[in-house]
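Subject: Structure handover and notes

Hi,

Here is the structure I promised to pass on to you. My notes on it follow below, so please read them with the model open.

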Amino acid sequence: MNQSVLITGGFGFLGRAVARRFKREGWRVLGIGRGRWPAEEALARGFDVWLDAGVSLPSLMTLNERFDLVVHCAGNGSVGYSLTNPLQDFYKTVQGTADLLEYLRLTESSALLVYPSSAGVYGARPDAPIRETDPLEPISPYGVHKKITEELLASYSRSYGVRVAIVRFFSIYGRGLTKQLLWDASARLRAATDPPAVFWGTGEETRDWISSEDAAGLIGVVAQSDAHFCILNGASGERVTVRRTLELLNHALGGEAQFEFNGAVRPGDPRFYHADVSRAQALGWKPAIALEQGMANYVRWLRAHGSHLDD
């Protein structure tokens with residue numbers, strides 16, 4: 001019998017990438033999230049079973065199946081949203097996870113729960129590779145709620161034996177991304193002629209990019225782990241300035257736009273994010289898509305879909 005995986009937040013950017021990955025590998029894929037898909041459309045996106053519902057204990061209890069794996073992609077993915085809607089961000093991130101953990105406890109599930117967390121839990125760090133053992137000092141409600149969620153996962157692992165793997169992803173991008181820096185920058189750069197497009201910061205801030213395909217691949221590797229509880233970074237391990245990021249994106253778009261930076265710091269944004277990925281590498285994983293190629297792939301997706309954003 002094929003192994004089965006439940007993907008929460010399956011309607012979202014990362015959830016869809018994870019579904020495609022596991023479906024290709026022959027898993028039975030079940031999904032839950034806020035999105036209406038007919039059965040045939042859900043199947044075309046990698047879901048054998050799709051439940052249009054929020055992640056809550058009552059909705060989860062309607063799933064009359066056992067799972068070998070749960071990938072918990074549900075929750076808010078925007079720092080900006082958390083700053084303007086902190087209570088809703090708490091419910092989306094923390095409460096949904098609490099309901100999922102209760103579901104696993106009450107059903108006495110032996111499934112491994114993989115949680116895509118965020119580098120936002122680290123907060124403001126020096127310009128050096130961030131290790132999983134570094135202090136957690138989040139600077140936004142988004143990061144605080146991710147940290148609380150990690151603590152909740154650790155508590156259920158200790159007290160009830162729930163198997164947990166936490167992957168602290170840095171900057172994920174790729175097919176289907178319709179928010180955050182690359183999405184916003186693509187629109188600005190395509191529209192920019194004179195005057196230039198203006199972006200926050202100095203351009204010397206750093207990010208560590210990982211494609212959604214590589215992120216899903218890392219989750220696939222982690223799914224084979226027999227650890228009871230583990231935490232690792234999910235990134236390429238490559239330090240890239242925001243200026244260089246926009247140069248690569250601009251080149252992929254045709255290289256005609258001019259842009260500059262306003263020097264201002266946006267609330268909740270760290271200056272430096274660069275991951276130590278030795279734990280992920282120790283599992284035998286490494287990213288397959290270089291940033292330049294990934295940018296070209298993303299722009300190709302943008303041009304193919306235009307305003308039709310449902311991939």
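A salt bridge here means a side-chain nitrogen of Lys or Arg within 4 Å of a carboxyl oxygen of Asp or Glu. Before the pairs themselves, some housekeeping. This is a predicted model, so local features need pLDDT of at least 70 and side-chain atom pairs count only at pLDDT 80 or more, while totals for chains, interfaces and linings use all residues. Residues are numbered from 1 along each chain as its sequence is written, and side-chain values use heavy atoms, with hydrogens and water left out.

**Salt bridges**

The whole structure holds 16 salt bridges. In one of them, the side chains of Arg36 and Asp52 come together at 3.7 Å, N to O. Arg36 sits in the loop between strand E2 (28-33) and helix H2 (39-44), and Asp52 in strand E3 (residues 49-52), so this pair ties together parts that are 16 residues apart in sequence. (Helices are DSSP runs of H or I with at least four residues, strands are runs of E with at least two, and both are numbered from the N terminus.) Arg36 is exposed, with a relative accessible area of 76%, whereas Asp52 is partly exposed at 36%. For these labels, buried means under 20% relative accessible area, exposed means over 50%, and partly exposed is in between, with a 1.4 Å probe and protein chains only.

Another salt bridge joins Glu132 and Arg279, whose closest N and O atoms are 3.7 Å apart. This pair links distant parts of the chain, with Glu132 in the loop between E5 and H6 and Arg279 in helix H10 (residues 278-282), 147 residues apart. Glu132 counts as buried at 10% relative accessibility, and Arg279 as partly exposed at 37%.

Arg243 also forms a salt bridge, with Glu204, at 3.2 Å between the closest N and O atoms. Arg243 belongs to helix H9, while Glu204 is in the loop between strand E8 (197-199) and strand E9 (206-207), so parts 39 residues apart in sequence are tied together. Both ends are partly exposed: Arg243 has 31% relative accessibility and Glu204 has 42%.

**Helices**

Helix H6 (residues 141-160) has 20 residues and should span 28 Å at 1.5 Å a residue, which agrees with the 28 Å between its end C-alpha atoms. (The expected span is 1.5 Å times one less than the number of residues.) Among its buried residues are Tyr142, His145, Lys146, Glu150 and Tyr156. The buried residues of H6 pack against helix H4 (79-84), helix H5 (86-106) and strands E5 (112-118), E6 (163-169) and E11 (229-234). After H6 comes Gly161, with a positive phi near 75 degrees.

Helix H11 (residues 291-305) passes the length check too: its 15 residues should span 21 Å, and its end C-alpha atoms are 21 Å apart. Its buried residues are Leu291, Gly294, Met295, Tyr298, Val299, Trp301 and Leu302. They cover an arc of only 155 degrees around the axis, which puts them on the same side of H11; the arc is that of the directions from the helix axis to the C-beta atoms. The face turned away from that buried side carries the exposed residues Arg300, Arg303 and Ala304. H9 is included in what covers the buried residues of H11.

Thr245 lies in H9 (residues 242-253) and is buried, at 0% relative accessibility. Not counting residues up to four places away in sequence, Thr245 touches Leu182, Trp209, Val240 and Met295, where contact means heavy atoms within 4.5 Å.

Most residues other than glycine have a negative phi. Glu108 is not a glycine, yet has a positive phi of about 55 degrees. Glu108 is in the loop between H5 and E5 and is exposed, with a relative accessible area of 69%.

**Cysteines**

How many disulfides does a search of the whole structure find? It finds zero, a disulfide being a pair of cysteine sulfur atoms within 2.5 Å. For Cys73, the nearest cysteine sulfur is that of Cys230, 16 Å away. Cys73 is buried, at 17% relative accessibility.
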